[in-house]
Amino acid sequence: MRRTVLALTAALLASAPIAAQTIQTSPTDRVIDQGTNHSEVMRIAQYLTDVIGARLTNSPGIRKAEDWTQAKFREWGLVNVHKEGFEFGRGWSNEKLAVRMVAPRPLQLVAAPLPWTPGTNGAITGEVILAPLADEAAFAQYKGKLKGKVVLLTEPRELEEATEAPFKRWSVEEMAKRDFYDLPNGDGERPFNPARYTFAGKRDAFLKAEGAIGYAIMSSRNGKLVHGQNSQFQVGQSGALPGIEIAAEDYRRLARLAKMGAKPTLEIDAVNRFDDSDTKGYNILADIPGTDPKAGYVMAGAHLDSWAMGDGAADNAAGSAMVMEAARIIRASGIKTKRAIRFALWAGEEQGLLGSMAYVEAHVAKRPVDPSAAGIVRYMTWSRAFPITPGPDHGKLAAYFNLDNGSGKIRGIYAQGNTAVMPIFEQWFTPFHTMGATQVSARRTGSTDHVFFDAVGIPAFQFIQDPLDYGSMVHHTDVDTFDHLKADDMRQGATILAAFLINAANSDQPLPRAPLATAPTPADQFYPFPESAH
């Protein structure tokens, strides 16, 4: 009889609906389940890259991405989904570029259009001249020699042999080398000269006055990789002549031919479009509400914009997709947090972190920067301007986390010199040690959208990621496409980001803050250039 009762009890339990059983799962396990077994991160990344493609700020591509990302946030149940504008400059897009050498022999060349330069209005043909114009002093040497010419603006750099493998993951030993506290000192200090960033306009005016029909620069990488980068995006400051970047191997050939008197001749056909109908760039913002309206909020961000070549996959559809996926994971897991969680997709990062800077100025803190300064000039002067005036969200924003180093898996996080936060992060990483995320480095890192949050005293952090082929091949180039993204790494990254956001939003106390700067220190004298200027 006892066996019959036991068997019946077991059968009843086995047949009972799952909902009637009490099954306890930890928030971390729910996040991991969503991020690994139900991931949508690669679907997000594929739409941003294969369907939308390049997302130059104020281009047709970024406008499509603005609409699509907002629609996804709403689909997942986020609230206060909107775009927030800031003054940027011209819209621009390229529809066609064909560059051929037609003499001394026909040869198709690899080239990229330089954004915010005009098209050719049909194919143009001109002899190549090598005329290095490094500064205004060089103008006199080439006066009267450029009419009807396509001008190579720099001497070609010599081919350098590769010393490292193009694809890389951090070893234990290399990770250990990234763990140090960098004391503020004057080692990186150098004078800031705004004239450096206005020279391009003067050079363009000289070329036009001399009758040149176009100009070319050399790609900074070998292997027929091209970038297409230019900073003349403001209305009234765009270039007057068609500009292209030529692959390093093709550029060297043209320079050699010009030097030997072979009179190389190029045919260029570029169809470029300007759009001044809306000169604002737009950040995309979306919230998951907290349970305590007085507790403030935490934030995650990545830049949605890219350069014009490739599809902006590793830089930075990968980071944008992981930020969006973190939002989906948190919503789908049903986890409630005390603080609200805000998600941001920035614009204008490639021109000097302009979108995140605009958010900081509008919500977090202001600094007395010259209102006429724009682009890289504004970026380089912002951190030196004192005093800092806290804004309405300065006390509300408890933490900011950023992703912008490609699709490599998260290996740790930079603490930005905030030593008090390090033991907290070490504890938060514990569940993810077996996924490869172990290190909390005191080191400061710059050049992306956490910079200006950190500069006004917000606990703001960038994750350490495996480099993969980000720096060696795909960064800003025409091969920055979906097939270079690593799905397992991105699932891991989105999962960890979601967990960090939940921890930060639910902690009893906000993350500890470093003291707010009241005057420049040697470290403030020179911020690293944004990645677009590297």
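**Aromatic pairs**

Modeller: Happy to! In this predicted model, a cluster joined by ring pairs takes in Phe401, Phe425, Trp428, Phe429, Phe461, Phe463 and Phe500. Across the structure there are 26 aromatic pairs. One of them is formed by Trp382 and Phe452, whose rings sit edge-to-face, with 4.8 Å centre to centre and 70° between the planes. Trp382 belongs to helix α11 (residues 375-382) and Phe452 to helix α13 (residues 451-455), so this pair ties together parts that are 70 residues apart in sequence. As for accessibility, Trp382 and Phe452 are both buried.

Helix α13 also supplies Phe453, while Tyr400 comes from strand β15 (residues 397-402). Tyr400 and Phe453 make an aromatic pair too, and here the rings are stacked: the separation is 4.3 Å centre to centre, with 10° between the planes. Because Tyr400 lies in β15 and Phe453 in α13, the pair ties together parts that are 53 residues apart in sequence. Tyr400 and Phe453 are each buried.

If you follow helix α13 in the viewer, you will find Phe452 facing its partner from α11 in sequence terms 70 residues apart, and Phe453 paired with Tyr400 of β15.

Definitions and conventions
Residues numbered from 1 in each chain as written. Predicted model: local features only at pLDDT ≥ 70, side-chain atom pairs only at ≥ 80, totals over all residues. Heavy atoms only, no water. Phe/Tyr/Trp six-rings, centres within 6.5 Å; stacked < 30°, edge-to-face > 60°. Helix = DSSP H or I, 4+ residues; strand = E, 2+ residues; numbered from the N terminus. Buried < 20%, exposed > 50% of the residue type's maximum accessible area, 1.4 Å probe, protein only.
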